[in-house]
Amino acid sequence: MEQRDVLVVLFDGVQALDVTGPVDVFNGADRAAPGSYRIRTAALDAAPVRTTSGLTLVPDLALADAPAPHTLLVPGGEGTRTPDPRLTDWLRGNVHRARRKVSVCSGALLLAETGLLDGRRATTHWMLCDTLAERFPAVRVEPEPIYVRDGDLATSAGVTAGIDLALALVEEDLGRDLALTVARHLVVFLRRPGNQTQFSAQLAAQTAQRRPLRDVQHWITENPAADLSVDALADRAGLSPRHFARAFRDEVGMTPGRYVDRVRLEAARRRLEDTVDGVAQVARSCGYGTPEAMRRAFLRALGASPAEYRRRFQPAAPQPRPV
């Protein structure tokens, strides 16, 4: 079995969970399949670093002494805002030595400093996607997915998305069964696809200031199969359709139709993940009307049909114990 060296870059102001989440995943995989991974941490001068939460992490070695790894993992944290120039210089000179380059959260900003992300698809924490796009216009920033794969490059959103990405890498290296074993040990679900949005429809949108509009938002979430046309929603809010549409867009940050689309997609995705209901039943219960309408919505937003989404991301049924 090939042993894959994983090198985790440490620096002052690193986010602790960006480090420990993926490390626990790779370590869990190595415990399940001994010899599959060797994990080391490295920092400038091999000096201990202080995380944003106040924890102190002691690296295994200095960055200058680190051999070329299979997987180079660059976490995020407040320390990426004004990084030590020596850190970015090391990354520029060494990032291409790794066979696989990975970032968690704002670690994408450090990778972008090297030019590695130019012309490539990448993501980061949703609060920093605009910053990444503005500072590095050559990067093809995708703000919604929890992680993005582009060849030997993998970037992820904040904190727990690093766990999802690490599980996906373990699945790629060692197979789904072993990755699922690690996920169960960590009490997480091996089911979040990279193109799942970083936050729910409710968090992605603003909350309306006026109570009638807030009530409509809640109604949409609770009743995805109802008549959610602008006329029906305007009547519920006690406004004319034109006034409602304009006010909703101004206060929520998107049109009523776009908001409804997001809520229905999220409701359908959750039911595909959490129930055994048939695709036709899910389509009706989430307001799509027909399976074909839901299929088009999934292909447009997620790049997978509902059936394929369920096959890939629903947790596998537990196998019966031998008797």
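This is a predicted model: local features need pLDDT of at least 70, side-chain atom pairs count only at pLDDT 80 or more; totals for chains, interfaces and linings use all residues.

Analyst: What follows starts with the whole chain, goes across the sheet, and then moves to the helices and a few loop residues.

Residues are numbered from 1 along each chain as its sequence is written, and side-chain values use heavy atoms, with hydrogens and water left out.

The chain has 14 helices and eleven strands; these are DSSP runs, H or I of at least four residues for helices and E of at least two for strands, numbered from the N terminus. Of its 323 residues, 48% count as buried (buried is under 20% relative accessible area, exposed is over 50%, and partly exposed is in between, with a 1.4 Å probe and protein chains only). Take the contacts (heavy atoms within 4.5 Å) between residues at least 6 apart in sequence: 64% of them join residues at least 24 apart.

Now the sheet. It is open, has seven strands and mixed pairing, and runs in the order β5-β2-β1-β6-β7-β11-β10. At the edges sit β5 (61-62) and β10 (147-150), each pairing on one side only. Two strands pair if DSSP finds at least two bridges between them. Strand β1 (residues 4-9) pairs with β2 in the parallel sense, over six bridges. Asp 5 has Arg 38 in β2 as its bridge partner. Packed on the sheet is helix α5 (residues 160-174), which touches β1, β2, β7 (100-104), β10 and β11 (153-156), and its direction makes about 160° with that of β7.

Over at β10, the pairing with β11 is antiparallel and covers four bridges. Val 148 has Thr 155 in β11 as its bridge partner. These two strands make a hairpin with two residues between them, and Gly 151 in the turn has a positive phi of about 65°.

Back on β2 (residues 37-43), have a look at Thr 41, which is found in that strand. Thr 41 is buried, with a relative accessible area of 13%. Apart from neighbours within four places in sequence, Thr 41 is in contact with Leu 7, Val 8, Leu 10, Val 58, Pro 59, Asp 60 and Leu 61.

One is Asp 45, with phi near 60°. Asp 45 lies in the loop between β2 and β3 (49-50) and is exposed, with a relative accessible area of 58%. The other is Cys 105, with a positive phi of about 55°. Cys 105 is in the loop between β7 and α3 (107-113), but this residue is buried, at a relative accessible area of 10%.

That leaves the helices. Two packed helices are described by the angle between their axes and the distance between the axes. Here the axes are lines fitted to C-alpha atoms, for helices over the stretch in contact, and angles run from 0 to 180 degrees between N-to-C directions.

Start with α5 and α6: their axes come within 7 Å and cross at roughly 145°. From α5, Leu 167, Val 170, Glu 171 and Leu 174 make the contact, and from α6 it is Arg 176, Leu 178, Ala 179, Val 182 and Ala 183. By class, that gives seven nonpolar, no polar and two charged residues (Ala, Val, Leu, Ile, Met, Phe, Trp, Tyr, Cys and Pro count as nonpolar, Asp, Glu, Lys and Arg as charged, and the others, Gly among them, as polar).

Helix α6 (residues 176-185) also meets helix α1 (residues 16-32): the axes come within 9 Å and cross at roughly 120°. The two helices are therefore oblique to each other (under 35 degrees is roughly parallel, over 145 roughly antiparallel, 65 to 115 roughly perpendicular, and the rest oblique). The crossing of α1 and α6 is right-handed. Val 25, Gly 28, Ala 29, Arg 31 and Ala 32 of α1 meet Leu 178, Val 182 and His 185 of α6. The contact of α1 with α6 has five nonpolar, two polar and one charged residues. Leu 178 and Val 182 turn up in the contact with α1 and in the contact with α5.

How values were computed: A crossing is left-handed if the near helix is turned anticlockwise from the far one by less than a right angle, and right-handed if clockwise.
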